[in-house]
Amino acid sequence: MAGNSFGQLFRVTTFGESHGLALGAVVDGCPPGLEISEDDLQGDLDRRKPGTSRYTTQRREADEVKILSGVFEGKTTGTPIGLLIRNQDQRSKDYGNIADTFRPGHADYTYTQKYGFRDYRGGGRSSGRETIGRVAAGAVASKILAELGIHLQAYTCAIGDIKIPASEYHLEEISENALYMPSNIYAAKAASYLEQRMKACDSSGGIIECRIDGMPVGIGEPVFHKLDAMLAGAIMSIGAVKGVEIGDGFLAAGSCGSKNNDPFYMKDGKPAKETNHSGGILGGMSDGSTILLRAAIKPTPSIAQEQKTITRDGDETTITIHGRHDPVIVPRAVVVVESKIGR
């Protein structure tokens, strides 16, 4: 299986399976002399780990990261950084009934067709748990970006049909609710909606928004390596993501030039924009304003309703998925989106 590495100058390779012994990442290209410790990385891992609220899988994992290489006396050496997170609460027996059955909405069918074999324990490499290596590596990248004055903040802006109006954002409230929404009021509405989905043995999707502040002008190449193309590719590599928007995104299709263009003016002797419909990117290059990106997250495909499917032998059947699954992926994916953009 190819395609487990991402990046050029700062290159990350992830490894491990949902129910294997461990997962992790190798980070190559981190400059020497960067102060870093396991505690610096653990905060982000704690944000995505399971069992932290009613709206996440109740699988119990400490998700403690160990730095295996590339750091000496609290500073990076410039050599590859090895990061390891051990699995502790595997229940592979929960997946025994789907060993020869394709779960709707999962990668079971495509993995089997491509490789002739698959790790059915939680999905193996296609499991959302694979993202733990991305988050660990992203925490390293965020340290580098902070040194450059670039800061990222992601949050949940919609769950199901509960969407926060931009005028109701209160970014200081993101960490005050289990759904990482910048509005406690809308978080309560979303929680009520999720309770309804859970009672119906169903799940929900949502939207994650990410702001990038401090980007200088001119990052990105204007043809095949556009900044927005690179960001979209990174975010689309997250398993649950089905769409990416920059700035106004699909709303721009229903707009007109006189409204969608961002007028320039001079502010403190420097060019600035009156609006930011472009989301901070013009011609594939950063324009110096806030980069605004949104990722559409699909509903968790593992639901406890009976669903139609087939076996690997082509027999039609039904399946009811048991085990420990998130009723909504979005809150735990917030830090995953941050980690991918940060790299």
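**Strand pairing and packing**

Guide: In this predicted model, strand 2 is joined to strand 3 (residues 22-28) by six bridges, and the two run antiparallel.

Visitor: Which residue of strand 3 stands opposite Thr-14?

Guide: A hairpin of five residues leads from strand 2 to strand 3. Within this antiparallel pair, the residue opposite Thr-14 is Ala-25.

Visitor: What is the bridge partner of Ser-5 in strand 2?

Guide: Strand 1 (residues 5-6) pairs with strand 2 in the antiparallel sense, over two bridges. These strands form a hairpin with four residues between them, and Gly-7 in the turn has a positive phi of about 105 degrees. The partner of Ser-5 is Thr-13.

Visitor: Against which elements do the buried residues of helix 1 pack?

Guide: Helix 1 covers residues 38-48, and its buried residues are Leu-41, Gln-42, Asp-44, Leu-45 and Arg-48. They pack against strand 4 (65-67), strand 7 (81-86), helix 3 (131-147) and helix 7 (330-342).

Visitor: Is Ser-204 buried or exposed, and what is its relative accessible area?

Guide: Ser-204 is placed in the loop between helix 4 (184-199) and strand 10 (206-213). Beyond its sequence neighbours up to four places away, Ser-204 touches residues including Ile-159, Tyr-193, Arg-197, Lys-298 and Val-328. Buried means under 20% relative accessible area. Ser-204 is therefore buried, its value being 2%.

Visitor: How far from a polar atom of the side chain of Ser-204 does the backbone nitrogen of Gly-160 lie?

Guide: Gly-160 is one of the residues that Ser-204 touches. The backbone nitrogen of Gly-160 and a polar atom of the Ser-204 side chain are separated by 3.4 Å.

Visitor: What radius of gyration does the protein have?

Guide: The protein comprises seven helices and 18 strands, and its C-alpha trace spans about 70 × 50 × 40 Å along the principal axes. Of its 343 residues, 46% count as buried. A compact globule with 343 residues would have a radius of gyration near 20 Å, so the value for the protein agrees: 21 Å.

How values were computed. Residues numbered from 1 in each chain as written. Predicted model: local features only at pLDDT ≥ 70, side-chain atom pairs only at ≥ 80, totals over all residues. Heavy atoms only, no water. Buried < 20%, exposed > 50% of the residue type's maximum accessible area, 1.4 Å probe, protein only. Polar contact = N/O pair within 3.5 Å; in protein donor to acceptor, adjacent residues only side chain to side chain. Contact = heavy atoms within 4.5 Å. Pairing = 2+ DSSP bridges. Rg over C-alpha atoms; globule rule 2.2 N^0.38 Å.
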